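Below are some notes for a colleague who has not seen this structure before. They are meant to be read with the model open.

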Amino acid sequence: MTFGQLPYDVAHLFGGGMLLLSFMLLYQRRVTAVINGLAIQGAILACAAAWQGGMQSAPQLYLTALIAFAAKAVLIPLALRVLIRRLDMDRTVDTAMGVGPSLIAGVALVALAILVVLPITTGARAIAREDLALALSVVLLGMLMMITRRNAILQVAGLMSMENGLILAAVGVAGMPLVVELSTAALVMVVLVVAGVFVFQIRERFDSVDVSLLDPHRGEGR
Amino acid sequence: MLTGLLLGIGLLALLALVAAGSGWVPGQERRAARAVHGGCLVIGLGFAGVAAAKLGMGLPEVPMALPFGPPWGAAVVALDGLSAWFLLLLGLSGASASLFALGMPPETGRVLVPFPLMLAGMALTLIAADGFTLLLGFEVMSFASWALIAADHAEAENRAAARRYLMFAVLAGACLVPAFGLLAGPAGSLEFSALRASPPEGWRAGAVLALGLAGAGAKAGLVPLHAWLPPAYRAASGPVSALMSGVMYKVALYVLARLLLDLCGPVQPAWWGVPLVVAGAVSALFGALRANMEAEIQPLLACSTIENIGFITLGFGLTLAFRGADLGPLAALAAGASLLHALNHGIFKTLLFLVAGAVRNAAGSQRIDRLGGLIHAMPVTALAALVGIGAAASLPPLAGFASEWLLLEALLAGWRVSDIVFQVVVAAATALVAMAAALAAAAMVRFFGLVFLGRPRSPRGAGAREAPLKERWALLLPAGLVVLLGLFPGLLLALAAPAIRVLAGPATPTPATPTPAPAGLVLVAGEGASTYLPLAVALLLALVLVTLWFLVRRRSTGATQRGPVWNGGFSDPPPFLHFGDPLTQPGAAGFAQPLRQMLGSALLGAREVVMMRPPGDPRPGHFAAHAADPTPGWLLMPLARLRDGIAARAERLRDLTIRGCLSLSFGTLVVLLALLAWLEAR
C-alpha cells in the first residue's frame with residue numbers, strides 16, 4: 001500500500017488534516033475559535049481511528065473512534081465552553097510569542113519530526129511511517145502551544161491537542177492493544193477535570209487565568 | 001563445584017534473611033548470632049576448600065550460565081585460577097572472622113544481616129564470568145559493608161564515616177560501570193569470553209585504564225582515593241574490619257586485575273603499567289607513613305593496609321609492563337609476587353584486625369594512649385599479635401617476607417624494559433617501596449610496643465582480661481596460617497600457577513620453578529639470580545635462638561637480682577599514682593615524633609607548636625603536634641565545593657516560571673530529537 005491507493009490517501013488526508021488544525025490552534029487568537037479547532041481535530045481523529053479500524057480490520061479501533069468522538073469532539077469542548085462561560089473571560093488571547101515566530105517554529109518542528117521518524121522506521125510499512133511522523137508533529141505542536149500561551153485554558157487545549165497526537169500514533173500502529181488507548185483516554189479525562197478545578201482556583205484567587213500571575217506565589221526561593 | 005559455590009552464596013543470603021527475621025522475635029539474638037556466624041564459618045571453610053581443590057588439582061574451567069540474569073542474557077559464573085586464588089583468601093579470612101565473631105557477645109541485627117550478605121557479594125564478584133554479575137556482586141559487597149560501618153550509628157562520627165564511605169563506594173561503581181560498558185563496546189556482550197575476544201584500542205583502552213584504576217582504586221583505598229579508610233575503620237568492629245581489610249580490598253584488586261590484566265587482552269602496551277606502579281608506590285609510602293602517626297589501633301592497621309594494597313597494585317603494574325615488553329618470566333614473577341602478597345596480607349591483616357578487636361573488647365578502647373602492658377593480661381593475644389606484626393614488618397620466616405622479597409626482585413629487574421621513562425619510574429618506585437617497608441616495620445614496632453609492652457595507661461586498660469576461648473582460637477587459626485604461609489611460599493606459588501597464567505599470559509612458565517631441591521621449599525626469583533630458602537632461614541634462626549638461650553642459661557648465675565637501673569625515665573609507679581605516671585611512658589604521639597619531624601612536615605603537613613611562657617610567668621608551657629592528610633584538602637574539598645555549586649545552580653531551576661519549566665522539558669525533547677536526527681543522518 002503506497003501513495004496513490006485509496007486507503008493510504010484517506011489515512012494520509014486525516015493525518016494531514018490534524019496537522020493543519022494544529023497549526024490553526026497555534027495561530028488562533030480567540031479562545032472560542034481554539035476550542036472549535038480542538039473539537040474539529042477530535043472529530044478528525046475519530047475518523048482516522050475508524051478508517052484505520054477498517055483498514056487493519058481491527059474492530060476495537062471502532063470503539064476507540066467512538067470514544068474519541070464522544071470525548072474529544074463533544075464532551076471536552078463542551079466542558080471547556082462551559083468553563084469559559086462560567087469564568088466569563090475576555091475573548092482575545094495574549095500569546096507569549098508572536099504568531100509569526102510560533103508558526104515558523106511549528107514548521108521547524110514538523111521538519112524535525114519527519115527527519116527523526118522517517119529514517120528510524122525504514123523497516124515499517126509506509127503508512128505507519130507517515131502516520132508516525134504526522135503524529136509526532138502534532139504532539140510537538142501541542143507542546144509548543146502549551147508554552148506559547150499564557151492562558152490556562154489554552155494550555156489545557158494544548159495538552160488535549162498533544163494527546164490527540166498520541167492517539168493518532170497509537171491507532172496507526174497495527175496491534176496496539178485496546179487497553180492502552182482506553183487508559184490513555186481515561187487519563188486525559190482525569191487531567192481535564194484536574195485542570196478545570198485548577199483553573200477555577202486560579203481564577204478565584206487572582207481574578208484572571210494568566211498563569212504568569214502565579215509565579216510570585218511559589219514556595220521557597222522567592 | 002560451581003553449583004556448590006552458588007549454593008553457598010544462596011545459603012549466605014538465607015542466613016541474612018534468618019537474621020532479619022530473628023529481629024522480630026525478642027530474646028533470640030544469641031541464637032541468631034550463633035546461627036549466622038556459625039553458618040558463615042562453615043561456608044567460608046567450604047569456599048576455601050573448593051578453591052584449594054580447584055587450584056591444587058587443576059580442575060578445568062567450565063563457565064556455567066545461570067537460568068536467570070539481566071534482560072539481555074543469562075548471568076554466567078566460572079571459576080578460573082585467578083578467581084580461585086582470591087576465593088581461597090575469602091574463605092580463610094571469612095572463616096577466621098566468623099569464628100572470632102562467634103566468641104564475641106552477640107551482635108544486633110544491624111550487623112548480623114549485612115555480614116553474610118557481604119560475604120555473598122564478595123563470593124559472587126569472584127566467581128562472576130560476565131560484567132553484570134561481577135558488578136552486581138561488587139555493589140552488594142559495597143552496600144553491605146556500608147551497612148556494617150554504619151551499624152553503630154548512634155555516634156555522629158560513625159555516621160559521617162559511613163556517609164563518606166558510601167560516597168566513595170558510589171564513585172567506584174560510577175567508574176566501573178562505564179569501564180565495563182566501554183570494554184563491551186558496540187558488540188554489547190558483557191561475557192568475559194566475548195570481552196577478551198575484542199580488546200579495546202585507542203582512546204577506549206585509555207579510558208578503560210583510567211576508569212578501572214579510579215573505580216577499583218577508590219574501593220581499594222589507593223592514594224589519593226583513600227580518605228574514607230581510617231574513619232571507616234574507626235567505626236567498624238573487629239571481625240568486620242578484619243573482613244573488610246583482609247578481603248574486601250583484595251576483591252577490589254581482583255576486579256582491577258581482572259579488568260586491566262585479563263579482559264583488556266594480553267597485547268596492551270608496556271606504558272599501561274606506569275600509572276599502576278606510580279599509584280602503588282605512592283600509596284605504599286603514604287600508608288606506611290600515616291600508620292606511624294595514627295593514634296588509634298584500627299586506623300593504624302587500616303593505613304598499613306593502604307601500604308600493602310600499594311605493594312600489590314605495584315606488582316600488577318609491573319606485570320603489565322613486563323608483559324607489554326615481552327618479558328614473560330619477569331611478568332610471571334611480578335604477578336606471583338602480587339598474588340602471594342595479596343594472600344599473605346589478607347591473612348596477616350585479618351589476624352591483626354582480630355587482635356585489635358580482642359584488645360578493644362578486653363580493654364574497652366582503641367586509643368593507643370589508653371592501652372599498654374596488655375602482654376601480661378592477654379598473653380595469647382599478644383603472641384598472635386607478635387606473629388602478625390612480624391609478618392606485617394616482613395620478617396624472614398613469616399608470611400610477609402617472601403612476597404615482598406619477590407616484589408623487590410621484580411622491581412630490581414625493572415631496567416630490563418628498554419624504556420627510559422619506565423626505568424626511571426621503577427628506580428624511584430624501588431626506593432619508595434624500600435622506604436615504605438621500613439616505615440611499615442616501624443609502625444608495627446610502635447603498635448606492639450605501645451599496646452602490649454610497657455605499663456597500662458588507664459585503669460580500664462589495666463583491668464583487661466584475656467579474650468574468651470573461641471576468640472583465642474580465632475586468633476591462633478590465622479596466626480598458624482601466617483607461619484605456614486611463610487614457611488612454604490614455593491608451594492603456594494605452585495598452587496597459584498593457574499592464577500599467574502591468567503595475569504601474565506598463558507605461555508609463561510611459573511616463577512620460582514622448584515629446581516633440583518625438594519619441590520616447593522625453595523623460592524627462586526626470576527632466572528635463578530637469587531634464591532630464598534624459608535625453611536633453612538627458619539632453622540638457622542631457631543638454632544641461633546636456642547644456642548643463645550642455652551648460652552645465657554649456662555653462663556648466668558641463676559639467681560635473679562633486681563637492682564636500680566636507668567630505664568629512660570620510665571620509673572616504677574610512686575605510691576600515690578596507681579598506674580604509674582602516664583607521662584613517664586612514651587605516648588602514641590611521642591613515639592611518632594621522629595618520623596613526624598623527618599617526613600611528616602613534607603608529606604602530611606605536620607606541625608609542631610611549642611609555646612614557651614616568658615620568664616616569670618607561672619603558667620605551664622604548651623606543646624601541640626598536628627599532622628593531617630593533605631588529600632582531603634586538595635581532592636575532597638574542591639569536589640565538595642563543586643557539588644555545592646552544582647546544587648545551588650540546580651536550585652535555581654526550581655525558580656523557573658511554569659512556562660519556563662515547560663519550555664525546559666520541551667527544549668530538551670527537541671534537542672534530543674535533533675540529536676537523533678543528526679545521528680541517523682550520519
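**Notes on the model**

1. B:Val610 stands opposite B:Phe623 in β6(B). Strand β5 (residues 607-611) of chain B and strand β6 (residues 622-626) of chain B pair in the antiparallel sense over five bridges; two strands count as paired if DSSP finds at least two bridges between them. Helices (H or I, at least four residues) and strands (E, at least two) are DSSP runs, numbered from the N terminus.

2. This is a predicted model, in which local features need pLDDT of at least 70 and side-chain atom pairs count only at pLDDT 80 or more, while totals for chains, interfaces and linings use all residues. Residues are numbered from 1 along each chain as its sequence is written, and chains are lettered from A and ligands numbered from 1 in the order in which they are written.

3. A residue is called buried if 20 or more other C-beta atoms lie within 10 Å of its own, exposed if 12 or fewer, and partly exposed in between, with C-beta atoms placed from the backbone.4. Helix α1 (residues 2-22) of chain B has 21 residues, which at 1.5 Å a residue should span 30 Å; its end C-alpha atoms are 30 Å apart, which agrees. The expected span is 1.5 Å times one less than the number of residues. The buried residues of α1(B) are B:Leu5, B:Gly8, B:Ile9, B:Leu12, B:Leu15, B:Ala16, B:Ala19 and B:Ser22. Seen down the axis of α1(B), these fall within an arc of 145°, so they line one face of the helix; the arc is that of the directions from the helix axis to the C-beta atoms.

4. What covers the buried residues of α1(B)? The cover includes α2 (29-57), α4 (109-112) and α5 (114-127) of chain B. The face of α1(B) turned away from its buried side carries the exposed residues B:Thr3, B:Leu7 and B:Gly10.

5. The largest nonpolar core has 236 residues, and those with the most contacts inside it are B:Ala123, B:Leu253 and B:Val482. Helix α14 (residues 328-363) of chain B gives the most to this core, with 23 residues. Apart from it lies another core, of 62 residues, among them A:Leu61, A:Ala65, A:Val138 and A:Leu144. A nonpolar core here is a set of buried Ala, Val, Leu, Ile, Met, Phe, Trp, Tyr and Cys residues joined through C-beta atoms within 7 Å.

6. Leaving out residues up to four places away in sequence, B:Val482 touches B:Ile347, B:Phe348, B:Leu351, B:Val387, B:Gly388, B:Ala391, B:Leu398 and B:Ala399. Two residues are in contact if their C-beta atoms, placed from the backbone, lie within 7 Å.

7. Chain A has seven helices and zero strands. Of the 222 residues of chain A, 41% count as buried. Among contacts in chain A between residues at least 6 apart in sequence, 71% join residues at least 24 apart.

8. Chain B is divided into domain 1 (266-537) and domain 2 (630-681), with bounds that come from an automatic or database domain assignment. The C-alpha centres of domain 1 of chain B and domain 2 of chain B lie 46 Å apart.

9. The peptide bond from B:Val223 to B:Pro224 is cis, with omega near 10°, and B:Pro224 sits in the loop between α9 (202-220) and α10 (229-235) of chain B. B:Asp326 has a positive phi of about 60° although it is not a glycine; its place is the loop between α13 (297-324) and α14 of chain B. B:Ser394, in the loop between α16 (379-392) and α17 (399-412) of chain B, has a positive phi of about 50° and is not a glycine either.

10. Is B:Asp326 buried or exposed? With 11 C-beta neighbours inside 10 Å, B:Asp326 counts as exposed. B:Ser394 has 27 C-beta neighbours inside 10 Å and counts as buried.

11. B:Val524 is in strand β3 (residues 523-525) of chain B. B:Val524 is buried, with 22 other C-beta atoms within 10 Å. B:Val524 and B:Gly185 are 339 residues apart in sequence and 41 Å apart in space, C-alpha to C-alpha.
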